[in-house]
Amino acid sequence: MTLIVKTEDGAKPSPNDWQHLPDGEALPAKGNVIVSLNRWKDQRTALDNHAGQVGVLLTGEDHPQELRADLDDLPLIALDFPKFADGRGYSKAFLLRVHLDYAGQLRAVG
């Protein structure tokens, strides 16, 4: 199944080419992956050498400030919304855009 992602400029949707990679699952040889903040911190060298782009998933317990030094290297940050009424993802998005000047793609997941 191909997921469709709405583009920021309102143009035609594009296919989702990002794969969520759970902790403990082997890094694929290529392709764009989204990893947890812990995996990003623990396996930074291997992820820097990956043949594809790497994004980070922030859960409700993660703090965006931990990515401050890496924001220019991250094309995508995924924000977890475990429940419809959980607003922590919105708060993290605001912090990333306004206070940390993150210019990459933000994606809601969950």
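The following legends describe close-up views of a predicted model. Local features are reported at pLDDT of at least 70 and side-chain atom pairs at pLDDT 80 or more, whereas totals for chains, interfaces and linings use all residues. Residues are numbered from 1 along each chain as its sequence is written, and side-chain values use heavy atoms, without hydrogens and water.

**View 1. Asp62 in the loop between β5 (54-58) and β6 (76-80).** Strands (E, at least two residues) and helices (H or I, at least four) are DSSP runs, numbered from the N terminus. Asp62 is buried but has no salt bridge. Buried denotes under 20% relative accessible area, exposed over 50%, and partly exposed in between (1.4 Å probe, protein chains only). A salt bridge places a side-chain nitrogen of Lys or Arg within 4 Å of a carboxyl oxygen of Asp or Glu. For Asp62, the nearest side chain of opposite charge is Lys41, 6.7 Å away; Lys and Arg count as positive, Asp and Glu as negative, and His and the chain ends are not counted. The Asp62 side chain reaches the backbone nitrogen of Thr59 at 2.9 Å. Leaving aside residues up to four places away in sequence, Asp62 touches Leu37, Leu57 and Lys92, contact being heavy atoms within 4.5 Å.

**View 2. The buried and exposed residues of helix α3.** Gly89, Lys92, Ala93, Leu95 and Leu96 are buried in α3. These residues lie on the same side of α3 because they cover an arc of only 160° around the axis, the arc being that of the directions from the helix axis to the C-beta atoms. Tyr90 and His99, on the other side of α3, are exposed. The buried residues of α3 pack against β5, β6 and β7 (105-109). Just after the helix, Asp101 adopts a positive phi of about 55°.

**View 3. The salt bridge between Lys41 and Glu66.** The closest N and O atoms of Lys41 and Glu66 are 2.6 Å apart. This pair links distant parts of the chain, with Lys41 in helix α1 (residues 37-42) and Glu66 in the loop between β5 and β6, 25 residues apart. Lys41 is partly exposed at 43% relative accessibility, and Glu66 is partly exposed at 35%.

**View 4. A salt-bridge network that includes Arg44.** Arg44 meets Asp48 in a salt bridge (3.0 Å, N to O). Asp70 also forms a salt bridge with Arg44, with the closest N and O atoms 2.6 Å apart. Shared partners join Arg44, Asp48, Asp70 and Asp73 into one network. Asp70 is buried, with a relative accessible area of 14%.

Key
Polar contact = N/O pair within 3.5 Å; in protein donor to acceptor, adjacent residues only side chain to side chain.
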